[in-house]
Amino acid sequence: QYTIQVENQEIRDGLQVFLKENGIPTMVYYPKPMHKQKAFADLKLYQECPITEKLLSCRMAFLLLCDL
């Protein structure tokens, strides 16, 4: 996979739609940061993680397949 980061989630989502319409597969891995996942719900959150949340909302991966 090859991961890119764009300016914001709106751009990322629009780019994903455009690429899908043109037959280019992409994936958003880890759309929810670890500190907000259900598996970690019982752990005490010591601080907010706005940078983590921002970065995850702006990233997507190209799937590097043999037929590309």
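Leaving aside its neighbours within four places in sequence, Met-60 is in contact with Tyr-2, Thr-3, Ile-4, Arg-12, Leu-15, Gln-16, Leu-19, Thr-26, Met-27 and Val-28 (contact means heavy atoms within 4.5 Å). This is a predicted model, where local features need pLDDT of at least 70, side-chain atom pairs count only at pLDDT 80 or more, and totals for chains, interfaces and linings use all residues. Residues are numbered from 1 along each chain as its sequence is written, and side-chain values use heavy atoms, with hydrogens and water left out.

**Met-60 and its strand**

- You'll find Met-60 in strand S3 (helices, H or I with at least four residues, and strands, E with at least two, are DSSP runs numbered from the N terminus).
- Met-60 is buried, with a relative accessible area of 2% (buried means under 20% relative accessible area, exposed over 50%, partly exposed in between, using a 1.4 Å probe and protein chains only).
- Along the sequence, Met-60 and Gln-16 are 44 residues apart, yet in space they sit 8.2 Å apart, C-alpha to C-alpha.

- S2 and S3 run antiparallel and are joined by 2 bridges.
- Thr-26 stands opposite Phe-62 in S3.

**Helix H1**

- H1 covers residues 9-21, and at 1.5 Å a residue its 13 residues should span 18 Å, which agrees with its end C-alpha atoms being 18 Å apart (the expected span is 1.5 Å times one less than the number of residues).
- Its buried residues are Arg-12, Gln-16 and Leu-19.
- Seen down the axis of H1, those buried residues fall within an arc of 70°, so they line one face of the helix (the arc is that of the directions from the helix axis to the C-beta atoms).
- Here's the background: an α-helix has 3.6 residues a turn, so residues three or four places apart point the same way.
- Over on the other side of H1, Glu-10 and Glu-21 are exposed.

**How H1 meets the rest**

- The buried residues of H1 pack against strand S2 (26-27), helix H2 (50-57) and strand S3 (59-62).

Technical notes. Pairing = 2+ DSSP bridges.
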